[in-house]
Amino acid sequence: VIDIKDYSGKIFFPVTDEKLKDFGSEDVRIPDMQDFIEELHKKGIYVVGRVAVFQDAYFVKRRPDLAVKNKSGREVWKDRKGISWIDAGSSEYWDYIISIAEESRKIGFDEINFDYIRFPSDGNMSDISFPSSSTTPKSIVMKNFFKYLHENLQDSGLKTSADLFGMVTTATDDMGIGQVLEDALPYFDYISPMVYPSHYSLTFENLKNPEAHPYETIIISMKSAVERANTIHDSLRCSRDTR
């Protein structure tokens, strides 16, 4: 797995698309990325490119109008690490992400792994606003984004995967970040729930301290994920059969 765009928002390799040059290609850290991927392919290595999506400080500097703002809407909001975010409801930015994926396919990436595909959760959440998605439930915004990615990349030859918060496998709501497992499953080739025991609340499944019970935390989470994935798979299959 190789970073294509990390939290900084800067793209790691040279690009040809002019709008990518304008918004994210100043920091070319891997100038020979295409040659490197070719070498990996010669060794039979499957190459995944990671894109940190809505956490994008560099794009915000260019387009602060698309950023998550403070409650007054006058200033760009930042999380507790000082990183700014794009409002997940910005469809204009969705096209930017599609362009990054397409450019990555051109130089040989086999799969795009989408990370930070959520609303922010760490920081002053009492002083935050979303100019592009203030009237739409977060889960609907994210589901629409997942669907948009799929519709625009399904004929590209790329595989796609999604990094989701670990508790998405057991939570029955969107956890305030817009992620619902069933909303993502139909639109990606792979789902990667980040089941880190250290990130779970102390009330999870009455374990009192999930970090001290890594096996139990992971097995509970993954069993639930498989059950829910099978249910949505069966539902989709029945839907196709009836058509």
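Let's start with Tyr93, which counts as buried because its relative accessibility is 0%. Buried here means under 20% relative accessible area, exposed means over 50%, and partly exposed lies in between, using a 1.4 Å probe and protein chains only. Before going on, please keep in mind that this is a predicted model: local features need pLDDT of at least 70, side-chain atom pairs count only at pLDDT 80 or more, and totals for chains, interfaces and linings use all residues. Residues are numbered from 1 along each chain as its sequence is written, and side-chain values use heavy atoms, with hydrogens and water left out.

Back to our tyrosine. Tyr93 and Tyr96 both sit in helix 4, 3 residues apart, which is about one turn of the helix. When I say helix or strand, I mean DSSP runs numbered from the N terminus: H or I with at least four residues for helices, E with at least two for strands.

Now for the aromatic rings. A search of the whole structure finds 14 aromatic pairs. Rings of Phe, Tyr and Trp (its six-membered ring) pair if their centres lie within 6.5 Å; planes under 30 degrees apart count as stacked, over 60 as edge-to-face, and the rest as tilted. The pair of Phe59 and Tyr96 is tilted, because the planes stand at 50°, with the ring centres 4.6 Å apart. This pair links distant parts of the chain, as Phe59 is in helix 3 and Tyr96 is in helix 4, 37 residues apart. Phe59 is buried, with a relative accessible area of 3%, and Tyr96 is buried, with a relative accessible area of 3%. Tyr93 and Tyr96 also form a tilted pair, 5.5 Å centre to centre with 40° between the planes. Ring pairs join up into a cluster whose members include Phe54, Phe59, Tyr93, Trp94, Tyr96 and Phe114.

So which residues touch the most other members of the largest nonpolar core? They are Phe54, Phe109, Phe114 and Ile117, in a core of 54 residues. A nonpolar core is a set of buried Ala, Val, Leu, Ile, Met, Phe, Trp, Tyr and Cys residues joined through side-chain atoms within 4.5 Å. Among the elements that each supply at least two residues of this core are strand 1, helix 2, strand 3 and helix 5. Helix 4 gives the most, with 7 residues. There is also a second, separate core of 5 residues, which includes Met167, Val195, Phe204 and Leu207.

Let's zoom in on Phe114. Leaving aside neighbours within four places in sequence, Phe114 is in contact (heavy atoms within 4.5 Å) with residues including Val51, Ile97, Leu149, Asp163 and Phe188. Val51 belongs to strand 2, residues 48-52, and is buried, with a relative accessible area of 1%.

Strand 4 (residues 159-165) runs parallel to strand 5, and 5 bridges join them. If you look along strand 5, you will find Ser192 opposite Asp163.

Now helix 2, residues 33-42. Its buried residues are Met33, Ile37 and Leu40. Just after the helix, Gly44 takes a positive phi of about 75°.

Most residues other than glycine have a negative phi. Tyr116, however, has a positive phi near 50°. Tyr116 lies in the loop between strand 3 (111-115) and helix 5 (138-153), and is partly exposed at 22% relative accessibility. Glu205 also has a positive phi near 50°. Glu205 lies in the loop between strand 5 and helix 7 (214-242) and is partly exposed, with a relative accessible area of 45%.

Terms used:
Pairing = 2+ DSSP bridges.
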